[in-house]
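Subject: Structure for your attention

Dear colleague,

I am passing on the structure below, and would be glad if you could look through it with the notes that follow it.

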Amino acid sequence: MLVVLVRRLANIIPTLIAVVALVFLLFSVLPGSFISGMGEDGRTTIDPAVMERMRKEMGLDDPLHVRFAKYIAHTATGDLGISFRTREPVTALIGQRVWPSLKLVFAAMTFAILVGVTLGFLAALRPGSLVDTVSMVFAISGLSLSQFWFGLMLMYLFALKLNWLPSFGYGDGGFSHIVLPAIALGVGPMALLARTTRAAVLDVLNADFVRTARSKGMSERRVVAWHVLRNALVLVVTIVGLQFGSLMGAAVVVEKLFAWPGVGSLLVDSVFQRDMPAVQGCILMIVLFFLAINTLIDLAYVAIDPRIHYSR
Amino acid sequence: MKLPRLKVKGGTSLWIGGGLVTLAIVVAIAAPLIARTDPVMDANLMNAEIPPGLDFPFGTDAQGRDIYSRIVYGARISLTVGVVSQVLNSLIGVTLGLTAGYWGGWWDDVVTGLTNLMLAIPSLIFALAIMAILGPGLLSLLVALGLTSWSYSCRIARAQVLSLKSQGYVQAARILGYGDLRIMFTQVLPNILGPLIVIATLGMGGAILSEAALSFLGLGIRPPFPSWGSMLSEARDQITTAPWLSVFPGLAIFFTVLGLNLLGDGLRDIFDPQSTTRRA
Amino acid sequence: MIEPLLKVDDLHIALRTENATYNAVENVSFDIGRGEAFGLVGESGCGKSITALSVMGLLRRPLSLGDGKIILDGEEIQDASPAEMRRLRGKRVAMIFQEPMTALNPLSPVGRQIAEMFVLHQGANWNEAMDRAEEALRQVQVPSPERRIKDFPHQLSGGMRQRVMIAIALACGPELLIADEPTTALDVTVQAEIIDLMAELCAAKGTAILMISHDLGLVANMCRRVAVMYAGRIVEQQDADAIFATPRHPYTRGLINSLPRLGERSRRGRQRLQEISGVVPSIAGYPAGCRFNPRCSAVTEVCREVAPEITPLPADGLVRCHHHG
């Protein structure tokens, strides 16, 4: 277990450094860098004198490699800089947003796993049946939905027309506010999980050891509970891990739609306000979270699959 | 046990998907013929926010523009984004994958590192960052979406080269005096064309969804140009008074992407029975 | 005459595809006495394995049971309900499969996979069952079973895994053990050990064996009587000794000639092993007449047109050939 963790971490650090470098380069070298871009889109007009002062203050007049070295050094100590806009440390800015984001992402994934895995299982146990057809039509539709449009429709129906749930905002952080954004965000991974669970279970059901289990005189229910479930889980866990990436991408849009005070909406707002340190910080945060999740997934593998301990 | 060959399955999704995609393409090409009004210019405040009915099948927006006509023209943008971004992704992915697998060494390490990097950043976040730098507009959208999801085609191309190398095809071709480029084009590409088409088809659906998301955030196509995403972006504020403004562009996205997904599934059953391209 | 333990009578197995239904196995009849070892031989694709699966009630789509009877201990089981078959499987009829690599659940300790048998069929709780699993491992001569029960299949060698399979199969003292190519995937040195172990344990418990293999030599060593199957039909059945001394079907002769034999090399010099030319036809492509005719060296016009009837041979034997000389 420890070995896997250490190896994973050893893999993550170079990736993280590369991401930091990439983000830095993107925003420093390419045209339309933040300071020069300010005011161009008419949304933020800044006094040239203020701009000059900011350039100095931010050290933007230093040569590129000096700025990069400084940036890396600061980032490594957990200092993501000062927000151009609010003049607060970016870490503090992001800090307030992390918990709501985590809540939303995990709520969405919980919904996706509960519904998706259940549908996939039911479909696989009765291939070709009505349940199978309906869940797979459901799944391919879920994959084709634009998540924010789906969220908009949910908002219209359940919040504005039926008045069952609040239409947007974080409220007091209670359950009712998270339902609609979580469903809107979870529908894509739900659909994918339904499909992959079905494929995984069908695969396992055709495995030799399932035939052995049947030859022991086990009821089909026990075959599934004792032998199929765990094996299918290995595949499902992979998909869950990979889905966190696209989930966090989509979270940006869903957070914006439901005015959810998460890292994603902070990212979008910061982009519009050309708040470079905040944008970089948000992207780093999202990548870090994604890598952390995948490390957890790797540990989950070790817990589920005894072969991994030896073969890696 | 030798079983007689069973018929290839997956016919229905291929036909439904193909039908939907063909419909979208026909609409996009014939937009000037089937649109009833100009999508941008024909604003008429006298006709503002009319619900769907006989005069305006999908209703009108706050400026009195015909939603049906705007959706018809929007198909052009969505399909352009889908096709161009996937062509870009395939080109990048195949070039990197082929060369990395073929030459190996440090270049292979670089490409593998890049691929891992791409996988570590959610592609929509990456695209968003690029849009933030380049500014809104169709061209930057094509660049942003065309640069951010080439990792699948890269991995498939690289794996194919490595497998052919281990089987000796590549060495044989080299001994026969074929040049590197010729070997890649004659030996490797034909083998991965099927999976590549599947990936590109499924990727087009993803690109159309990303276009809609970015436009919705205000970073993609800006109003008044009728992209489905930008229409939704405008429609959001009027969801209570004019819900049809949101419903129809959303349905247009849904059916187009559904068509591409079904088509991709159907093509996979034909080209790639072992499913190297199963989305994960 | 004493009632046989298993009587398979005119068994047919249907293969349904979208367009047509084929008989994957037809007119197969044989019986196995209590405690007897019976061999079923043929190349892969001849229908041996699905015959065995049909006895277990484990045929899956697109295969299904057609006409014919399967009688276990005087009771017809071909139409038994799934629940009745379940009570039978594992408890009275057990099976060992060919691939020890994949036949065990990779994510479950082997002890538990044996213990399941006691929980399923003897109402044991898991603690008792694990104790008995350890004992069962000891019986199949796995060293230090108290540690091995916690091992996962990937930690065991192929031979050890097949011993685990034997322990599972014999856990509840079945009346019949079906062994489907139990040693094919193993090293030659391990093969003999496994066969001996199986024979020994079954003899001690009075368990009958239906031994399925492509290896006529191996089957003839272990079994008193042997049936040879080709393309879904039994083409010859004789006592093991008789089948080597006087093989009556050209296919049987082909199988015997393809066996390497000790001491023959010196006499015949460097003669190569003879192979039967051609391959087993697919189910959809069974030829008319005798199904062996395209590969037969003694083929005549009648073989291509008329399917040969069964000719009885002495001592319960039979052959299905126009030219059984």
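The buried residues of helix 10 of chain B are covered by elements that include helix 7 of chain A, together with helix 3 (67-103), helix 9 and helix 11 of chain B itself. Please keep in mind throughout that this is a predicted model. Helix 10 of chain B is mostly covered, with 7 of its 8 residues buried, and the buried ones are B:W228, B:G229, B:S230, B:M231, B:L232, B:S233 and B:A235.

Seen from the other chain, helix 7 of chain A has its own list of buried residues, namely A:Q147, A:F148, A:W149, A:F150, A:G151, A:L152, A:L154 and A:M155. What covers them includes helix 8 (175-205) and helix 10 (220-257) of chain A, and also helix 9 (180-217), helix 10 (228-235) and helix 11 (244-271) of chain B. Helix 7 of chain A runs over residues 147-161, and its 15 residues reach 20 Å from the first C-alpha to the last, which is close to the 21 Å expected at 1.5 Å a residue. After helix 7 of chain A comes A:N163, whose phi is positive, near 60 degrees.

Just after helix 4 of chain A, A:G78 takes a positive phi of about 85 degrees.

Turning to the contact between the two chains, 41 residues of chain A are in contact with 37 residues of chain B. On the side of chain A that touches chain B, at least two residues each are supplied by helix 1, helix 6 (130-144), helix 7, helix 10, helix 11 (263-272) and helix 12 (276-304) of chain A. The largest share of that side, 11 residues, comes from helix 10 of chain A. By residue class, the side of chain A that touches chain B divides into 31 nonpolar, 9 polar and 1 charged.

As for chain A as a whole, it has 13 helices and 0 strands. Of its 312 residues, 43% count as buried, and among its contacts between residues at least 6 apart in sequence, 72% join residues at least 24 apart. A:L22 and A:L299 are 277 residues apart in sequence, and their C-alpha atoms are 28 Å apart in space.

The largest nonpolar core has 258 residues, and those with the most contacts inside it are B:L128 and C:I114. Helix 9 of chain B gives the largest share of this core, 19 residues. Leaving aside residues up to four places away in sequence, C:I114 touches C:A133, C:A136, C:L137, C:V164, C:A167, C:I168 and C:A171.

Helix 9 of chain B also holds B:M184, which is buried because 22 other C-beta atoms lie within 10 Å. With residues up to four places away in sequence again left out, B:M184 touches B:L98, B:Y102 and B:L189. B:M184 and B:G137 are 47 residues apart along the chain, and their C-alpha atoms are separated by 36 Å.

Finally, some remarks on confidence. The model scores ipTM 0.86 and pTM 0.80. Chain A has a mean pLDDT of 80, with 88% of its residues at 70 or more, whereas for chain C the mean is 86 and 95% of its residues reach 70 or more. Among the elements of chain A, helix 9 (residues 208-215) has the highest mean pLDDT (91) and helix 2 (residues 34-37) the lowest (48). Over residues 31-44 of chain A, pLDDT stays under 50, and the model has 24 contacts beyond four places in sequence for that stretch.

With kind regards

Definitions and conventions: Residues are numbered from 1 along each chain as its sequence is written. Chains are lettered from A and ligands numbered from 1 in the order in which they are written. This is a predicted model: local features need pLDDT of at least 70, side-chain atom pairs count only at pLDDT 80 or more; totals for chains, interfaces and linings use all residues. Helices (H or I, at least four residues) and strands (E, at least two) are DSSP runs, numbered from the N terminus. The expected span of a helix is 1.5 Å times one less than its number of residues. A residue is buried if 20 or more other C-beta atoms lie within 10 Å of its own, exposed if 12 or fewer, and partly exposed in between; C-beta atoms are placed from the backbone. Two residues are in contact if their C-beta atoms, placed from the backbone, lie within 7 Å. Ala, Val, Leu, Ile, Met, Phe, Trp, Tyr, Cys and Pro count as nonpolar, Asp, Glu, Lys and Arg as charged, and the others, Gly among them, as polar. pLDDT is the predictor's confidence in each residue, from 0 to 100. A nonpolar core is a set of buried Ala, Val, Leu, Ile, Met, Phe, Trp, Tyr and Cys residues joined through C-beta atoms within 7 Å.
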